[in-house]
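Colleague: I would like to go through this model with you, one point at a time. Can we start as soon as it is on the screen?

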Amino acid sequence: MHLLASPAGLPRPSSRSSSRFSFRSNLSLRQTGSKAGGHLTKASRSVTVSAMSAISAVVMLALFLTSSPLLAQTSLSAASLKGALAPYDLRVEYLTNPLGVDTPQPRFFWKNRHSERGQSQTAFELIVSSSPSADTGDLWESGKMSGDSSIQIVYGGKPLASNRTYYWKLRIYDSEDKASPWSEVARFDTGLLSPSDWKGQWIGSDGLLRREFTLPEEPRRARAYIAGLGYYELHLNGRRVGNHVLDPGWTDYKKRVLYATYDVTRLLRQGKNVIGVMLGQGWYKSRALMFELYIEDASGKVTEIHSDTSWQTAPGPILEDSIYNGETYDARLEQPGWDRPDFAAAAGWHQASAVEAPGGVLSSQMMPAIQVIETIVPLTMTNPAPGVYVFDLGQNLSGWAQLRVSGPAGTDIRLRFSELLYDNGLINQENLRSARAEDHYILRGDGATEVWEPRFTYHGFRYIEVTGFPGTPRLDSLRGRVVHTAVSPAGNFSASTQILNDIQHLILWGQKTNLHSIPTDCCQRDERMGWMGDAQVTAEEAMMNYDMAAFYTNFLRNIRDEQAADGSITDTVPHIWGQRPADPAWGTAYPLIAWYMYQNYGDRRLIEDYYDSLKKYVEFLRSKAENGLLKYSYYGDWVAIEKCPGSLVSTFYYYYDTKVLADMARLINKTAEAQAYDKLAGDIKAAFNREFFDPKTRSYGPTQTANALPLFIGLATDKERGPAWSELFNDLVYEHDSHLTTGIIGTKYILDVLTSTGNSDLAYDILTRTDFPSYGYMLKNGATTLWEIWQKREGPSMNSHNHPMLGSIGAWFYRALAGINIAPDSAAYKKLVIKPQMVRDLTHASGSLSTINGEVGCAWSKGDCHVKLEAVIPVGSEALIYIPVFKLRNLQLTEGGTVVFADSQLKTSLPGIKSIEAKGGNLIIQVGSGRYAFKLTGE
Ligand code: BGC
């Protein structure tokens, strides 16, 4: 039998894969680093981040590839690893060697490696010590704790003190009770655990702040804690501290202000020292600093320096800074040496004054910071009008431009940013609405090359217009700097049909460039807010493509901060725009993201901690419901082409939230509450069907979303399911020729409905369309990130060209095409169902996920009378692998070349393979951990 003509081969990466940019970025940094002068730190920062993500990508890939003859051969021989068992990737509160841990009982995480299949950890032994070299834990010795969990292990030792460094290591025991060697020593630092640890005052600033102090000797250990609003840049003795930009993360400052912790031991010296802080306004729209420096000398004596009115302040070179409008920097106003000792303060310096505190509690920023992630060299520079130069980066992104120029003092160079161009080649800023997106650099003019980039603004753009440039700029006069929260990449997906890789490119760029300490709706126009609807639809996709655990932990706390006494929450978090109470399709971000945190990362403690607040939210919805229906809705299936009634969408989420709350109650053993919410969900279901299912038309309405939502979540009973499905199918296939007419809500669920009803082929048809409305239509029209709406619009109306919300389908790539699913009765990829949808002419697809429990992968190909499938299952996990048999007969299955199944029965038992059965058009193979290479052949 001929399944497909084309031979299986390596997945072709996207033609616009991000690595292209990383590569260029590194290249450009190497070229420019030596000339970057005062900006070397920023440049090298970017190298580090790029390099780090490159390394993690390489590690991920290597882990995957070592398993996978189809993907690549490896020099790492299995024999050399025989019996090797080792914990790796040690983390605390989801982070690697974090500073500033401010949870009294932090949680530990690690992953396990084992050279044998079918292995799992059966016990662990963990010690926490105040010394890096200790073999005993003076803080905690867990003893041999039995259990197969290597995540969410709660610290159980003596109380932790503020501002300390703790060291930890562990060993694990495998299925044969063999102990691994001790792991590497990992560490974490505590933050300031009590409000009384903050001795400083909130002080204001004209732009620059400095404080000089003298140390009798070099310190043994020093930590700086800084909350600088709106944004800060910290300097010590003339050196930039750390690599955070646009820090701290955005919160409702009346409720909470985040502080960052830096290890500054090596930056301090005996004698005079100077702390320098630049403040920008950011979302706070004002400047205020809270700062603590704890310095410990060799004898253990602690010196504290904190913010107070003895600090000196003066205006700096930044004349204007605004997130939407941009930054104006006059280099003539720089004060060289202001952040170093022995600076002769010029006129303008005066004592800082105390300012009103923002009001919120100080919490440690326990998530990756926003950073310059990579640097892009423009593709082209054009000169569409006299004196006007337009640079094209070839990619829509969030960040800013780095400028290099020399010229006369006082020359004002204007940079303006846009996503779009007019036909005449000039930039089109119409869709930015009131955001001016305009930076100015005014030259120092000392003859040297001046390298500048802004600090306290960011833009969403692909094109940069330069005017006022002295002479003619060159292509390398500008670089694009990609700026977003530095979440590590966690997923890889590719497929043989190139448009899917191109859509994945849109999703990845749309997603990451909308992570700016909160998930934003867009990054270019006058919004960039934490719109909760956008956040909830993208969260699952984001959790597959990036390590989002710490990020969403922070965001959920931000949501809780906005909850009112009546349980209501808000459309945006922090709440700036939109309403209270949130549209139910927006408010659902709270319970759903919390639940996704459990499903993806096994975060049970979060559910325990948030349960009461989530229950209050569901009770709020109940208080607004009438006879089981939740009718209020502002946006409903937002940006749909065919709009479904808002009350249907709201009631769907009322049901969804209630069901999820019942599941949460069950998880944390609140059985009676679980039953009560199950009952409430049942009542909502009955009301939903009574209200929305029309017996005359035998459907939930004439839109795709109206029928997809009840099918997705099981609101439709046996009575409605068939007719609703027919309506949906007809609408998709006959009325719209395999095109979606859904908005962000319907789009999130509809592909899953198609897969669960056995119609993945149709989902594939939809995704490979290139005419309106489709993802392919965006691509055909030059999109490099996802559009906000299906229509091609470029005027002053609502049409962001970088809005991640329609990217929710990215989760379907992994679940359906790569086939990687968490089993319904499991969490955190402990139990897996690997069930790829080998649709239509797709010849291969592969996906890998760096999950909280280790690397998971699946790569398949189909060809002439055969199907190959390779899988990677982490230690401690198990999987059911489905290989479709199509119409093949006389099946034979090999694993690593050995026949394991033929003549309808098991032939050889191989390590890790527990059972194989032919059922429902598939071979279903039950496996334990390890790497497998199956090949199914037949006639
Ligand atoms: C935002 C959206 C948001 C919506 C609310 C828009 O202006 O950009 O993405 O969810 O408002 O309907």
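**Sheet, helix and cysteines**

Colleague: How many bridges join β42 to strand β43?

Modeller: β42 and β43 (residues 922–927) run antiparallel. Strands here are DSSP runs (E, at least two residues), numbered from the N terminus, as are helices (H or I, at least four). Two strands pair if DSSP finds at least two bridges between them, and the number joining β42 to β43 is six.

Modeller: A caution on sources: this is a predicted model, where local features need pLDDT of at least 70 and side-chain atom pairs 80 or more, while totals for chains, interfaces and linings use all residues. Residues are numbered from 1 along each chain as its sequence is written, and side-chain values use heavy atoms, without hydrogens and water.

Colleague: Which strands stand at the edges of the sheet?

Modeller: The open, mixed sheet has five strands in the order β33-β34-β38-β43-β42. Two of these have a single partner strand each, so one side of each lacks a neighbour in the sheet. They are β33 (820–822) and β42 (913–919).

Colleague: How many of the eight residues of helix α14 are buried?

Modeller: Buried means under 20% relative accessible area, exposed over 50%, and partly exposed in between (1.4 Å probe, protein chains only). Among the buried residues of α14 are Tyr-764 and Asp-765. The helix, residues 760–767, is largely enclosed by the rest of the structure, because the buried count is seven.

Colleague: How far from Cys-523 is the nearest cysteine sulfur?

Modeller: A disulfide is a pair of cysteine sulfur atoms within 2.5 Å, and the whole structure has zero. For Cys-523, the nearest such sulfur belongs to Cys-522, at 6.8 Å.
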